[in-house]
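The exercises below concern charged side chains that pair. Work through each task before reading its solution.

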Amino acid sequence: MADEALFLLLHNEMVTGVYKSAEQGEVVSDRCVLLAGEHGFRVGQGLIERFTKDTARFKDELDIMKFICKDFWTTVFKKQIDNLRTNHQGIYVLQDNKFRLLTQMSSGKQYLDHAPKVFHRRLGIFVEDKIL
Amino acid sequence: MAVCIAVIAKENYPLYIRSIPAEHELKFHYTVHTSLDVVDEKVSAMGKALVDQRELYLGLLYPTEDYKVYGYVTNSKVKFVMVVDSSNTALRDNEIRSMFRKLHNSYTDVMCNPFYNPGDRIHSRAFDNMVTSMMVQVC
């Protein structure tokens with residue numbers, strides 16, 4: 001789909017944009033990962049606000065996790081979470097075998113360093129769950 | 001028509017309070033503050049599921065002789081509190097619900113504004129206009 005490719009390209013450019021501004025000295029370079037995460041966090045807040053506007057009230061944490069794994073993930077990434085694990089003490093592990101934003105990157109070793117940056121940006125969206 | 005409308009953040013501090021007439025502002029601030037306890041009680045399911053747990057609208061929180069207080073909680077734990085004049089008996093539940101719906105929509109628009117930092121007071125003109133349209137017309 002054309003619109004998906006546009007979004008992926010824009011997303012990648014934003015991540016490299018943050019790193020370029022680091023090289024030019026505007027931002028301290030080790031803060032870059034955090035910055036990308038903060039971007040994602042803010043985007044996530046707006047998204048969550050829109051999505052939860054019409055859904056029923058969440059009764060407990062399990063409800064929130066189910067909402068994230070099914071509704072939210074389907075709307076943003078067009079598929080559901082593959083695996084959800086918990087230790088029943090507040091830690092949840094979400095596993096997605098085909099993360100849409102990373103599928104376009106080759107699996108050569110040099111790219112594995114860059115993957116976390118992209119990850120953190122999207123991860124920011126799920127830290128939003130802490131607010132819930 | 002509402003006499004006072006307040007938007008309270010998750011940490012229970014106000015993001016937006018507006019009331020008319022302006023001389024009773026302190027009284028309304030106090031009322032909204034005390035109503036937060038009632039909101040928490042309704043949300044925490046201690047009432048043996050008397051309240052429909054799946055709804056965002058909380059209904060009448062408590063009435064006094066002068067006015068009634070209504071509540072609404074979003075899924076991100078932001079609370080809307082509305083104080084309505086008791087003498088205005090023509091206001092039905094549906095109208096209150098639709099007012100809260102409009103509030104929620106405007107609040108979502110404010111959240112999506114990239115220049116708005118969550119946790120700041122709300123200064124949006126569109127939000128102000130929407131709230132004005134819901135407030136009572138004082139001649």
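**Exercise 1.** Which side chain meets D109(B) in a salt bridge?

*Solution.* The model is predicted. A salt bridge requires a side-chain nitrogen of Lys or Arg within 4 Å of a carboxyl oxygen of Asp or Glu. The side chain of R50(A) meets that of D109(B) at 2.9 Å, N to O. This pair crosses between chains: D109(B) belongs to helix α2 (residues 93–112) of chain B, and R50(A) to helix α2 (residues 32–52) of chain A.

**Exercise 2.** Classify D109(B) and R50(A) by relative accessibility.

*Solution.* Partly exposed covers the range between under 20% (buried) and over 50% (exposed). D109(B) has 44% relative accessibility, so it counts as partly exposed. R50(A), at 37%, also counts as partly exposed.

**Exercise 3.** Find the partner of R18(B) in a salt bridge, and say which parts the pair ties together.

*Solution.* The side chain of R18(B) meets that of D128(B) at 3.8 Å, N to O. R18(B) lies in strand β2 (residues 14–19) of chain B and D128(B) in helix α3 (residues 125–134) of chain B, so the pair links parts 110 residues apart in sequence. R18(B) is partly exposed at 27% relative accessibility, and D128(B) is partly exposed at 23%.

**Exercise 4.** Locate the salt bridge between R97(B) and D93(B).

*Solution.* The N to O distance is 3.4 Å. Both residues lie in helix α2 of chain B, 4 residues apart, or about one turn of the helix. R97(B) counts as partly exposed at 31% relative accessibility; D93(B), with a relative accessible area of 36%, is partly exposed.

**Exercise 5.** How many salt bridges does the structure hold over all chains?

*Solution.* The total is 3.

Notes
Residues are numbered from 1 along each chain as its sequence is written. Chains are lettered from A and ligands numbered from 1 in the order in which they are written. This is a predicted model: local features need pLDDT of at least 70, side-chain atom pairs count only at pLDDT 80 or more; totals for chains, interfaces and linings use all residues. Side-chain values use heavy atoms; hydrogens and water are left out. Helices (H or I, at least four residues) and strands (E, at least two) are DSSP runs, numbered from the N terminus. Buried means under 20% relative accessible area, exposed over 50%, partly exposed in between (1.4 Å probe, protein chains only).
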